[in-house]
2 protein chains.
Amino acid sequence: MQNKYVSEAVIRRLPKYYRKLQELSQKGVESISSQALSEEMDLNASQIRRDFNCFGGFGQQGYGYQVERLKNKLGEILGLDKQYNVIIIGAGNIGRALAGYSGFKAQRFNILGIFDTDKDSIGTKINGIDVYDADNISSFIKQNNISMAFICTPASSAQKVCDILVENNIKGIWNFAPADLNCPDSVSLENVHLSDSLFVLTYRINNN
Amino acid sequence: MQNKYVSEAVIRRLPKYYRKLQELSQKGVESISSQALSEEMDLNASQIRRDFNCFGGFGQQGYGYQVERLKNKLGEILGLDKQYNVIIIGAGNIGRALAGYSGFKAQRFNILGIFDTDKDSIGTKINGIDVYDADNISSFIKQNNISMAFICTPASSAQKVCDILVENNIKGIWNFAPADLNCPDSVSLENVHLSDSLFVLTYRINNN
């Protein structure tokens with residue numbers, strides 16, 4: 001049922017539902033109607049039902065959604081029931097911030113190594129994670145069953161890093177470098193272009 | 001000419017054009033046809049012309065776009081010709097990473113202070129920027145002509161911080177907290193929901 005076509009917009013809403021359900025679950029809310037969920041999320045109720053119907057729907061008509069059950073279902077759809085071995089490439093500001101975030105471990109993202117070209121960083125640890133020489137990315141991926149990489153390098157080296165990751169059959173790339181990477185469809189790529197986001201904000205400030 | 005309605009999708013493409021033109025400018029490219037630009041950007045040429053027409057168009061038919069001129073024009077539209085006094089709220093991993101990024105200064109974002117509630121952080125400096133007590137946000141905004149704030153707090157305190165910023169007439173909020181903030185339309189809000197982005201990636205890895 002997950003194989004039918006799901007639009008980009010629906011995919012992008014899934015984590016928002018998941019986040020809201022986590023919040024409701026933490027507050028002890030056991031069930032919620034699509035109407036109440038729509039008010040919480042600033043989406044209309046029919047949109048929510050349509051989104052959930054892409055995955056077979058999760059509600060019992062008239063009873064609303066069971067919060068914990070729905071959260072777990074969405075978590076499975078998002079692949080959060082699985083474990084991911086991760087490497088970070090680039091030990092700059094963003095690479096360090098991601099390595100320092102302790103929440104990843106609870107979410108089953110195991111950051112196993114950080115790679116850099118800077119001789120002063122190599123051999124150090126960040127939040128207990130070793131910083132290795134970037135020359136060893138390929139062998140490390142093979143030896144450690146790495147499925148995901150976070151690219152936190154400058155724009156100028158991001159494509160080269162991406163090519164190495166692709167050659168080594170990485171499954172997913174989370175790219176923080178301000179570069180549009182050329183990456184085959186067989187590898188999932190998700191960009192966080194921070195400066196693009198900041199410039200949308202400055203646009204809005206000046207055109208609000 | 002900037003007052004006519006510009007769609008969200010067009011606004012989100014503007015920083016990508018700007019980034020590409022910066023790259024071309026650095027490579028010494030002086031002019032580029034919309035066709036060549038479209039190939040560089042994986043967008044079709046008519047889309048690019050339509051996007052630019054929202055702002056009056058910038059091309060001379062048959063001559064292509066002057067790279068430097070177009071870059072500067074887009075920079076103005078994005079508000080990058082102006083200066084912004086900025087505060088960061090939250091001296092955790094992301095707040096530190098943003099404070100540590102030296103590129104902001106070159107782009108005329110002046111980070112004047114970082115605010116936190118943690119007594120051990122208050123009084124220290126990050127990349128030369130003072131960390132102050134979060135109790136003093138209001139007075140600091142007034143005294144330092146702050147127009148923009150980066151929220152880097154946990155989700156649980158983000159709304160409270162947002163309310164303080166709004167009360168003090170901040171113009172723009174760049175929100176990194178994993179929370180959907182309630183913010184009046186008079187204040188521009190741009191979210192970077194990192195975990196949402198990561199979960200889109202895990203979804204794709206499992207449904208590629």
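Student: What makes D130(A) and K125(A) a salt bridge?

Tutor: A salt bridge requires a side-chain nitrogen of Lys or Arg within 4 Å of a carboxyl oxygen of Asp or Glu. In D130(A) and K125(A) the closest N and O atoms are 3.2 Å apart, so the pair meets that definition. The model is a predicted one, in which local features need pLDDT of at least 70 and side-chain atom pairs count only at pLDDT 80 or more, while totals for chains, interfaces and linings use all residues. Residues are numbered from 1 along each chain as its sequence is written, chains are lettered from A and ligands numbered from 1 in the order in which they are written, and side-chain values use heavy atoms, without hydrogens and water.

Student: Why is K125(A) called exposed, and why is D130(A) called partly exposed?

Tutor: Buried means under 20% relative accessible area, exposed means over 50%, and partly exposed lies in between (1.4 Å probe, protein chains only). K125(A) has a relative accessible area of 54% and is therefore exposed. D130(A), with 27%, is therefore partly exposed.

Student: How do you know that K20(A) and E23(A) form a salt bridge, and where do the two residues lie?

Tutor: Their closest N and O atoms are 3.4 Å apart, which qualifies the pair as a salt bridge. Both residues lie in helix α1 of chain A, three residues apart, about one turn of the helix; helices (H or I, at least four residues) and strands (E, at least two) are DSSP runs, numbered from the N terminus. K20(A) counts as buried because its relative accessibility is 9%, whereas E23(A), at 32%, counts as partly exposed.

Student: What does the salt bridge between K119(B) and D133(B) tie together?

Tutor: The side chains of K119(B) and D133(B) meet at 3.8 Å, N to O. K119(B) lies in the loop between β4 and β5 of chain B and D133(B) in strand β6 (residues 129-133), so the pair ties together parts that are 14 residues apart in sequence. At 60% relative accessibility, K119(B) is therefore exposed. Salt bridges that share partners also join E8(A), R12(A), E190(A) and R204(B) into one network.

Student: Why is S121(B) called buried?

Tutor: The relative accessible area of S121(B) is 8%, so this residue counts as buried. S121(B) is found in the loop between β4 (109-116) and β5 (125-126) of chain B. Residues up to four places away in sequence aside, S121(B) touches R96(B), D116(B) and V131(B), where contact means heavy atoms within 4.5 Å.

Student: How do you know that the buried residues of α4(B) are on the same side of that helix?

Tutor: In helix α4 (residues 67-77) of chain B, the residues V67(B), L70(B), K71(B), L74(B), G75(B) and I77(B) are buried. They cover an arc of only 160° around the axis, which puts them on the same side of α4(B); the arc is that of the directions from the helix axis to the C-beta atoms. These buried residues pack against elements including α9 of chain A and α1 (8-26) of chain B. G79(B), whose phi is positive, near 80°, follows α4(B).

Student: Why is Y18(B) called buried, and which residues is Y18(B) in contact with?

Tutor: Y18(B) has a relative accessible area of 12% and is therefore buried. This residue lies in helix α1 of chain B. Beyond its neighbours within four places in sequence, its contacts are F199(A), K71(B), L74(B), G75(B), L78(B) and L80(B).

Student: What makes up the interface of chain A and chain B?

Tutor: The contact takes 58 residues from chain A and 58 residues from chain B. The area buried between them is about 4,900 Å², of which carbon and sulfur atoms give 60%; buried area is the accessible area (1.4 Å probe) that two parts lose on being put together, summed over both. R19(A), F199(A) and Y203(A) supply 15% of the area that chain A buries against chain B, more than any other three residues.

Student: How many salt bridges are counted between chain A and chain B?

Tutor: The count between the two chains is 10 salt bridges. The pair R19(B) and D180(A) is a salt bridge, with 3.4 Å from N to O.
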